[in-house]
Amino acid sequence: MPDKKKIRSGVVCIIGRPSAGKSTFLNSVCGETVSIVSALPQTTRSSVRGIVTAEQGQIIFIDTPGYHISEKKINRRLQLIAENRLQEAEAVLYLIDAARLFGEEELAICALLKNKQDRLIVGINKTDSPAARPGQTRISLMQALPDLPQERIFELSAQEKTGLEPVLAALFALLPEGELLYPEDFYTDQPVDFRIAEIIRGQAISRLYEEIPHALYVDIQDMEMKKNGKELFVRAFLCVERDSQKAMVIGKGAAMIKAIRVESQKELRKIFPYRVQLDLQVRVDKNWRQKDRVLQSVLQE
């Protein structure tokens with residue numbers, strides 16, 4: 001590492017509309033699965049933290065839920081999570097999907113960022129898409145944020161991992177000097193139960209998102225380390241809103257819930273230095289998206 005006086009470290013908040021590629025960016029720069037990636041909007045529900053350590057120092061990224069204009073209770077709470085995390089950060093990374101029109105949600109985000117242009121970096125993402133229009137996106141962005149320097153706007157593809165290094169360098173330049181906040185080998189500070197729940201939810205979403213888009217969450221009931229620290233036993237519930245959804249999650253002959261459990265365990269073996277053994281069941285929690293107690297737990301506010 002360089003002279004400690006020259007090391008920069010701090011918190012960077014990632015913001016963008018749903019499916020702008022925020023989680024893909026976070027996973028790409030961290031080198032590990034930190035956040036769920038899905039074509040389903042609003043997959044990220046909490047403020048997910050990823051850590052990047054380089055010669056310049058350390059960036060603690062906060063990946064916020066996609067900023068979606070809606071008055072539904074769960075969506076409004078997701079908006080508030082993103083807005084609150086902006087206040088905690090030393091710098092902000094705003095990711096825009098270059099393959100989509102610069103619309104109402106982008107204008108709402110730009111309004112949030114009007115007074116943060118001095119600590120803002122913008123990534124025009126998905127430039128690998130045939131539908132990408134980075135030039136038009138740049139024009140619209142400059143109209144919405146006229147005080148943002150051109151040199152702080154970058155074109156990239158988080159999926160293809162291109163254009164990431166200049167973005168990181170620009171973010172480091174905005175951070176204050178300071179020592180590393182985490183050990184060099186850390187890439188997230190998420191609690192174990194949160195990571196396990198997110199892996200399970202990700203596996204469920206990948207198989208059920210057309211039938212049960214936002215109607216499920218994971219409740220970790222119990223965790224116990226066994227076999228001298230070589231195996232973690234976890235009892236968890238996949239919670240849905242209706243009995244008909246429960247039947248879909250279980251599947252014919254319990255095939256669906258078995259596939260979710262098996263693939264989750266495979267993914268967890270890549271993450272943890274011990275085996276994770278899942279006892280996974282399905283439970284109905286009617287209208288949970290209207291319950292403040294459940295939302296507070298699920299959204300990790």
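Which residues of α1 are buried? I began with this helix and found K22, S23, T24, F25, L26, N27, S28, V29 and C30 to be its buried residues, where buried means under 20% relative accessible area, exposed over 50% and partly exposed in between, with a 1.4 Å probe and protein chains only. Nine of the nine residues of α1 are buried, so the helix is largely enclosed by the rest of the structure. Helices (H or I, at least four residues) and strands (E, at least two) are DSSP runs, numbered from the N terminus. Just after α1, I noted that G31 takes a positive phi of about 80 degrees.

Before going on, I wrote down the ground rules. This is a predicted model, in which local features need pLDDT of at least 70 and side-chain atom pairs count only at pLDDT 80 or more, while totals for chains, interfaces and linings use all residues. Residues are numbered from 1 along each chain as its sequence is written, and side-chain values use heavy atoms, with hydrogens and water left out.

Confidence came next. pLDDT, the predictor's confidence in each residue from 0 to 100, averages 85 over the protein, and 84% of the residues score at least 70. Over residues 36-46 the pLDDT stays under 50, although the model has 53 contacts beyond four places in sequence for them, a contact being heavy atoms within 4.5 Å.

For the overall picture, I recorded nine helices and nine strands, and 52% of the 301 residues counting as buried. Among contacts between residues at least 6 apart in sequence, 71% join residues at least 24 apart.

I then looked up the nonpolar cores, each a set of buried Ala, Val, Leu, Ile, Met, Phe, Trp, Tyr and Cys residues joined through side-chain atoms within 4.5 Å. The largest has 51 residues, and F25, F61, L93, L171, I196, I200 and L238 are those with the most contacts inside it. A second, separate core of 28 residues includes L86, A89, I124 and L145.

For aromatic pairs, the rule is that ring centres of Phe, Tyr and Trp (its six-membered ring) lie within 6.5 Å, with planes under 30 degrees apart counted as stacked, over 60 as edge-to-face and the rest as tilted. The count by this rule is three. Because F25 lies in α1 (residues 22-30) and F61 in strand β3 (residues 57-63), the pair ties together parts that are 36 residues apart in sequence.

Two charges also sit over rings, by the test that NZ of Lys or CZ of Arg is within 6 Å of the ring centre and within 35 degrees of the ring normal. K226 lies over the face of F233, at 4.8 Å from the ring centre, and the charged end of R283 sits over the ring of F237, 4.7 Å from its centre.

Is E105 buried or exposed? At 11% relative accessibility E105 counts as buried, and I placed this residue in helix α3. Its side chain is joined to that of R17 by a polar contact of 3.4 Å, meaning a pair of N or O atoms within 3.5 Å; within protein, one must be able to donate a hydrogen and the other to accept it, and residues adjacent in sequence count only if both atoms are side-chain atoms.

My last entry is Q159, which lies in the loop between β6 and α5 (164-174) and is exposed, with a relative accessible area of 55%. The C-alpha atoms of Q159 and S28 are separated by 7.6 Å, although these residues are 131 residues apart along the chain.
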